[in-house]
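Here's a quick briefing on a two-chain model. Have a look at the structure first, then read on.

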Amino acid sequence: MNTDMKRRVFLKGSLAAGTVGMAVTAGLLTPQAVLAAWPEKAFQAKKADEALSAAFGMGQTEASDKIKIKAPDIAENGAVVPVTVTTDIPGVESIAIMASANNSPLVALFNLGKSTKADISTRIKMGKTGDVVAVVKAGGKLYANRKGVKVTIGGCGG
Amino acid sequence: MAKSSIKIRAKVKDGITTVKCLINHPMETGLRKNKKTGKLIPAHFITEVMAKHKDAEVLSANWSGGVSKNPYLAFKFSGGEKGDPVTISWTDNKGNSDTKTAKIK
């Protein structure tokens, strides 16, 4: 019993270098979070192109004004910035929303069903003035557009 | 049963169903500090959202703490009819989850 306890303490210590330890330090807590297959690498990437590569397997995007981003020019409250992304590009599989000036730019990733319209609205946090970038994956390619939003009060509550 | 954290409005017009939902959730990024203790408030946010129409998945989403508190989500799909069920489910990084079904009006 005693050796068991010592083993456990030892193992716990050595695991600190491993993924479980990392998950705990990253604040992601329980193993159940891993089950959801959450694209951690994409959401924790500090740069937009890294986030895209991790999320879509490719980082190159083609600028397209066929993607419409509806967001306020000036956001009174960076904690709640309403964003609507629509596009008439055919065959949209996924839409990603990024806030270029956030610590971790990738905010949300939407995978659309076959009968779902490329018309998604949500509200995001913006840490400071920057661009809302919408990336659309359609026909195996990535298209992107951006819209600048001025933020008067930061999005993470200080 | 505990009160649901999800509110859903689903309406169909001209063959397009618009779904609007509001989810009650703190969506903590893990970067905020508790003003009194100075300690970091741990990350607690929805990581996955799933929307179904009848049994078909119409939308799935992965979110980070960058989505606002009490997240709002709206989307549209074709092929829904009045009375069809639309189900919204979410899971967060702590393993909590909730689900709600509403009928298209």
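Residues are numbered from 1 along each chain as its sequence is written, while chains are lettered from A and ligands numbered from 1 in the order in which they are written.

**Confidence**

- The predictor gives the complex an ipTM of 0.95 and a pTM of 0.83.
- For chain A the mean pLDDT is 83, and 74% of its residues reach 70 or more.
- Residues 15-36 of chain A stay under 50 in pLDDT, and the model has 23 contacts beyond four places in sequence for them. Where pLDDT is low, the predicted coordinates should not be read in detail.

**Chain B on its own**

- Chain B has seven strands and zero helices. Both kinds of element are DSSP runs numbered from the N terminus: helices are H or I with at least four residues, strands are E with at least two.
- The C-alpha trace of chain B spans about 55 × 30 × 20 Å along its principal axes.
- Of the 105 residues of chain B, 39% count as buried. Buried takes 20 or more other C-beta atoms within 10 Å of a residue's own, exposed takes 12 or fewer, and partly exposed lies in between, with C-beta atoms placed from the backbone.
- Take the contacts in chain B between residues at least 6 apart in sequence: 53% of them join residues at least 24 apart.

**The interface**

- In this interface, 35 residues of chain B are in contact with 35 residues of chain A. Contact means that the C-beta atoms, placed from the backbone, lie within 7 Å.
- On the side of chain B that touches chain A, β3 (46-53), β4 (56-63) and β5 (72-78) of chain B each supply at least two residues. β4(B) gives the most, with eight residues.
- That side of chain B divides into 16 nonpolar, 13 polar and six charged residues. Here Ala, Val, Leu, Ile, Met, Phe, Trp, Tyr, Cys and Pro count as nonpolar, Asp, Glu, Lys and Arg as charged, and the others, Gly among them, as polar.

- Strands pair if DSSP finds at least two bridges between them.
- Strand β7 (residues 116-124) of chain A runs antiparallel to β5(B), and four bridges join them. Thr116(A) stands opposite Phe77(B) in β5(B).
- Six bridges join β4 (residues 81-87) of chain A to β7(A), again antiparallel. Thr84(A) stands opposite Ser121(A), and Val81(A) has Ile124(A) as its bridge partner.
- β2(A) and β4(A) pair in the antiparallel sense over four bridges, with Ile69(A) opposite Val85(A).

Notes:
Predicted model: local features only at pLDDT ≥ 70, side-chain atom pairs only at ≥ 80, totals over all residues. Contact = placed C-beta atoms within 7 Å. pLDDT = per-residue confidence, 0-100.
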